[in-house]
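Please look at the sequence and the structure shown below, and keep both in view while reading.

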Amino acid sequence: MTTGMRIKRAVPFALALGIWFFPVPAGLTAPAWHLFAVFAAAIASVLINAFPLLTASMLAVGAIVLTGTIKPEQAYSGFANSSVLLVVIAFIVAQAVVKSGLGRRVSLFMVSRFGGSSLGLAYSIVLTDAAIAPAFPSNTARGGVLYPIVLAVAKGAGSEPDSESRYLGGYLMFCSMAGLAVSSALWMTATSANPVALQIVQQAGLEIDFGKWLLASAVPSLVAIALLPLIVGRLFPPRVGKTPEAPAAARKELAGMGGMSRDEWITAGTFVLMVAGWIFGNRLNLNTTSVAFMGFGVLLFLNVITLDDITKQGDTLVTFLWLAVLFAMSAQLNELGFMGYVGERLASGLGGLSWTSLYVTLIVLYVLIHYMFVSQTSQVLALFSVFLDVGTKGGVPLPLMAFGLLFASSYFSVITPQGGSQNIIFAASGYLTQRELYKLGGLITLAFLAIYLLIGSPWVYFVMR
Amino acid sequence: MGFLTRAPFLLGLAFAAAACGPATESQGPAAAAGADLEFSGSWSGLGSRHTISLGGERYGSIVDLKGTMLLTGPGRPGVGFQSEVIGLTDSATGFQGRSVWTDERGDQVYSELRGEGTAAKNRIAGTILSGTGRYAGMTGSYEFSWQWVMEGEEGAVHGRAVDLHGRVQGGPAAGGSPR
């Protein structure tokens, strides 16, 4: 190991110890402060490439339990979290789509229609997501639907994870992941965090229905969707430009595949039933994760995927371990009052600003704070009303402040790979390194922030007067 | 590009540090011993709620909430506390609870809570009984209303209390409080 690497690896420990032994700020408790020290160090270690996320999270969970910062049952609660389990099962089911041959068929179909360029493929995926989003109240489930398609398209185009050919796959994966964030902002019913935030907005005296939401979100969200594949393409070039011959070749290969096999029919049928369960889950009182478990069980029962296939899913285990730990740590930071404390102190310290400056500052802070959250809904519940209160009391018009926070509650999810459980499925694909995910996440979030502030805010102000 | 990669994290860390600030112990305005000192603030909490039906429209719930209480005003006993509440709500008879506030030193304030506990009349009144450390001997009272209480992920319950007002006697504010 080089001296540079040794220094790099020492930085997270120094950061953790520095924060840990700094006097606990007035109003916080020692456990909350110490947990923040470990959490910040774990994220920093990934950002500076000192450790992989799995290593950082394992060291972190060991430290917080062994030092008595939080109880073991609190530290391990992420392993039983339904969102974490949904991600893991969706990941395995996606492999079934590929293995059965259905993924290949879908991939060839998509390439035959949109495969003239990598940009065309990216737009087809992002627009498909935007089109199906209003029917899916869970964007994690929507990620579970899109991921097998994106995976199949990437593999069909010869892009494999952890290889030189990974760039096209990485490009498509990130476009899909960021597309989910925008489609969740576009439609009122596209993520479970939206109805929660709407209840808070209603308490503040503003009624927002489906049409009003769409009117306010349409312009900034459609601009974001239009620019997303272009911006990601500049930041992370897919290294595959125009492929005018690809659609014809795909059509030929598709014709050569013949009819669907038994496994393809079973996978397609199971997938359709799972999608129906996810769409109508709320109305039928079905748990989204249980729908995924049942689909997984059916695929195992009918031997579409076998125990042997599961034993090869080492990446899934890695994802499960780090995600569950980060999920629990973020939830505990929230439960111990750290998130609320930071949010309330920051928001209430902005007195004296003009309402426009206050609005921009609050939205920027609200987005950046998501770095510490692993769930959109958790941040909405912890901070939405605080920021809404401070903004409106500072003179920001209620509709503008409300919509600014509502949209941010969706598009901020891409800021980190763990910023929304829907991200994890794509982040764990192996097409992008953790460092690339953080880099792209930060930059795309800044792009979204600029679009929604510079285009969305005047638009909302204009149409909601 | 390296800086841009880390910029959101560094900004977030800087904001968190700015929000937290150092644990200062500045002297507050001296007040006469025994004088009432007023404070106000807000409280956000999350935890769990278990509800059973008691027949018809009547129901009973046990709640366990933990969160951040931030206080303002010249008589505040501290800048903020981690506040934990356990309680029993009966839709017919109201709410009975107990609360403990813990500050950055681990010193605590204990109180009893009582209120209607319904959506329409959710005013909760608290009586500060005693405390430990710098809050030893402190008494007082406070009131707050729930701005909202709603179910979150995994059955968790979240709530935000506003319009929190209270007064204390014999607290650290009388002889110089943490600000």
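When two helices are compared, an axis is a line fitted to C-alpha atoms, for helices over the stretch in contact, and the angle between two axes runs from 0 to 180 degrees between N-to-C directions. Helices (H or I, at least four residues) and strands (E, at least two) are DSSP runs, numbered from the N terminus. This is a predicted model, in which local features need pLDDT of at least 70 and side-chain atom pairs count only at pLDDT 80 or more, while totals for chains, interfaces and linings use all residues. Residues are numbered from 1 along each chain as its sequence is written, and chains are lettered from A and ligands numbered from 1 in the order in which they are written.

With these terms in hand, consider helix α13 (residues 262-284) of chain A, which packs with helix α14 (residues 288-301) of chain A at an angle of about 170°, the axes being 9 Å apart. The two helices α13(A) and α14(A) are therefore roughly antiparallel to each other, a description given to angles over 145 degrees, whereas those under 35 count as roughly parallel, 65 to 115 as roughly perpendicular and the rest as oblique. Their contact (C-beta atoms, placed from the backbone, within 7 Å) involves residues of α13(A) including Thr267(A), Leu273(A) and Trp278(A), and residues of α14(A) including Val291(A), Gly295(A) and Leu299(A). By class, the contact of α13(A) with α14(A) has seven nonpolar, six polar and no charged residues; here Ala, Val, Leu, Ile, Met, Phe, Trp, Tyr, Cys and Pro count as nonpolar, Asp, Glu, Lys and Arg as charged, and the others, Gly among them, as polar.

Another pair in chain A is formed by helix α2 (residues 30-47) and helix α16 (residues 314-335), which pack at about 150° with their axes 10 Å apart, and α2(A) and α16(A) are therefore roughly antiparallel. Their crossing is left-handed, a term used if the near helix is turned anticlockwise from the far one by less than a right angle, and right-handed if clockwise. On the side of α2(A), Ala32(A), Leu35(A), Phe36(A) and Phe39(A) meet Met329(A), Gln332(A) and Leu333(A) of α16(A), and this contact divides into six nonpolar, one polar and no charged residues.

Which hand does the crossing of α18(A) and α22(A) have? The crossing of α18(A) and α22(A) is right-handed, and these helices, α18 (residues 355-369) and α22 (residues 434-463) of chain A, pack at an angle of about 155° with axes 11 Å apart. Val360(A), Ile363(A), Val364(A) and Val367(A) of α18(A) make the contact with Thr445(A), Leu449(A) and Leu453(A) of α22(A).

Methods. Contact = placed C-beta atoms within 7 Å.
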